[in-house]
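Me: I want to learn how to read pockets and domains in a protein model. Can we take them step by step?

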Amino acid sequence: MNTQFAIRNSQFAIPVGVFDSGVGGLSVAREIMTLLPAQPIIYLADQAHAPYGQRPLAEIRTLSEGIARFLLAEGAGVIVIACNTASAAALHGLREQFPAVPFVGMEPAVKPAVEHTRSCHVGVIATAATFQGELFASLLDRYAGRVAIHTQICPELVPLVEAGELDSAGARSAVQRYLAPLLLAGIDQLVLGCTHYPFLRPLIEEIAGADVAVIDPAPAVARQAGRVLAQQGWLVEDAASPAHQFYTTGDPTRFQVALRDLLDVTTDVRQATWQQDNRLLPVR
Ligand code: DGL
């Protein structure tokens with residue numbers, strides 16, 4: 001597989017594959033576009049199955065595997081799992097299954113939060129599946145030390161972001177409800193442990209108040225993607241604007257609107273469909 005990528009590398013730019021259950025991963029794609037403006041991206045939103053957060057880990061693993069195969073077939077070299085939930089469920093398994101493919105995963109940014117807290121209380125908001133995965137347990141083992149980590153699942157937030165409700169009365173009351181116990185506990189760092197949440201950041205910051213630092217790992221993930229691309233010799237540095245490709249397993253028109261509203265990107269969105277045997281195919 002490496003040889004194949006190396007030959008293609010000498011002739012074409014190798015796109016970065018990026019995936020999420022929906023629009024959340026666009027918060028990571030946005031950082032990749034900023035940091036690596038010449039790098040083409042193939043983005044897959046599995047909106048037919050969004051949200052992932054309440055699904056069993058085994059199901060998320062099967063979906064992630066189908067998506068990885070799809071992105072590789074479409075020409076991706078590196079794959080960024082722009083989803084904490086899919087990373088928690090599938091990163092380890094994907095690396096085992098595709099040993100020649102470099103994967104960049106995500107995890108809640110507990111380490112910097114612990115380093116910066118002065119109150120010794122850190123809040124982490126994420127999906128139920130992210131907190132269940134071994135990845136989160138190992139983060140706590142490695143970094144929490146004597147700092148109290150207060151976790152909160154926020155099941156209403158992903159559907160709100162998917163619906164483009166970033167500042168509605170419903171969004172406001174949900175964020176207030178989810179943050180209340182964390183603020184009461186005295187957190188001074190709040191980790192956004194789901195890639196949908198950065199789109200609610202203005203609201204979250206307003207409700208959390210100026211004493212709480214909000215941490216989004218997306219810029220660090222983009223930097224890591226850049227390092228991995230450079231190691232592979234796939235970093236595209238010429239200035240021509242790259243042709244990104246966007247796919248959804250949901251409604252392409254709806255995703256096109258989200259792209260415009262969230263990233264200010266106007267482009268075609270293509271449909272991909274799940275087959276009976278868990279393969280994902282583009283609709284040509
Ligand atoms: N954006 C994803 C995450 O980072 C998935 C959220 C969901 O689909 O529940 O966890």
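Reply: Let's start with a list of lining residues. This is a predicted model. Its second largest pocket is lined by V23, Q47, V161, E162, A163, G164, L166, R254, V257, A258, D261 and L262.

Me: How is the space in a pocket found?

Reply: Rolling a probe the size of a water molecule over the atoms shows where empty space is left. Here, the second largest pocket holds about 150 Å³.

Me: How many of its lining residues are nonpolar, polar and charged?

Reply: Seven are nonpolar, two are polar and three are charged.

Me: Now the domains. What are their bounds?

Reply: Domain 1 covers 10–106 + 219–282, and domain 2 covers 110–216. Their centres, taken over C-alpha atoms, are 23 Å apart. The second largest pocket draws at least three lining residues from each domain.

Me: How do I read the interface between the domains?

Reply: Look at contacts, then at buried area. In this model, 28 residues of domain 1 are in contact with 20 residues of domain 2. The two domains bury about 1,700 Å² between them, with 63% of that on carbon and sulfur atoms. On the domain 1 side, N84, A88 and L262 supply 24% of the area buried against domain 2, more than any other three residues. L262 also lines the second largest pocket.

Me: How many salt bridges cross the interface?

Reply: The rule finds one salt bridge there. R254 also forms a salt bridge with E162, and their closest N and O atoms are 3.5 Å apart.

Reply: The largest pocket has a volume of about 850 Å³. Of its 37 lining residues, L91, G105, M106, E107 and L135 are the closest to its centre.

Me: Which element gives the largest share of that lining?

Reply: That is α4, with eight residues. Other elements supply at least two residues each, including α3 (57–73), α7 (134–144) and α11 (218–232). By class, the lining has 20 nonpolar, eight polar and nine charged residues.

Me: Why does the largest pocket lie between the domains?

Reply: Check who gives residues to the lining. Domain 1 and domain 2 both do, so the largest pocket lies between them.

Terms used
Residues numbered from 1 in each chain as written. Predicted model: local features only at pLDDT ≥ 70, side-chain atom pairs only at ≥ 80, totals over all residues. Heavy atoms only, no water. 1 Å grid on protein atoms, 1.4 Å probe; cavity = no way out; pocket = protein on both sides within 12 Å on 5 of 7 lines; lining within 4 Å. Points joined across faces, edges and corners; volume = space filled by probe spheres on them. Helix = DSSP H or I, 4+ residues; strand = E, 2+ residues; numbered from the N terminus. Nonpolar A, V, L, I, M, F, W, Y, C, P; charged D, E, K, R; others polar. Domains from an automatic or database assignment. Contact = heavy atoms within 4.5 Å. Buried area = accessible area lost by both parts, 1.4 Å probe. Salt bridge = Lys/Arg side-chain N within 4 Å of Asp/Glu carboxyl O.
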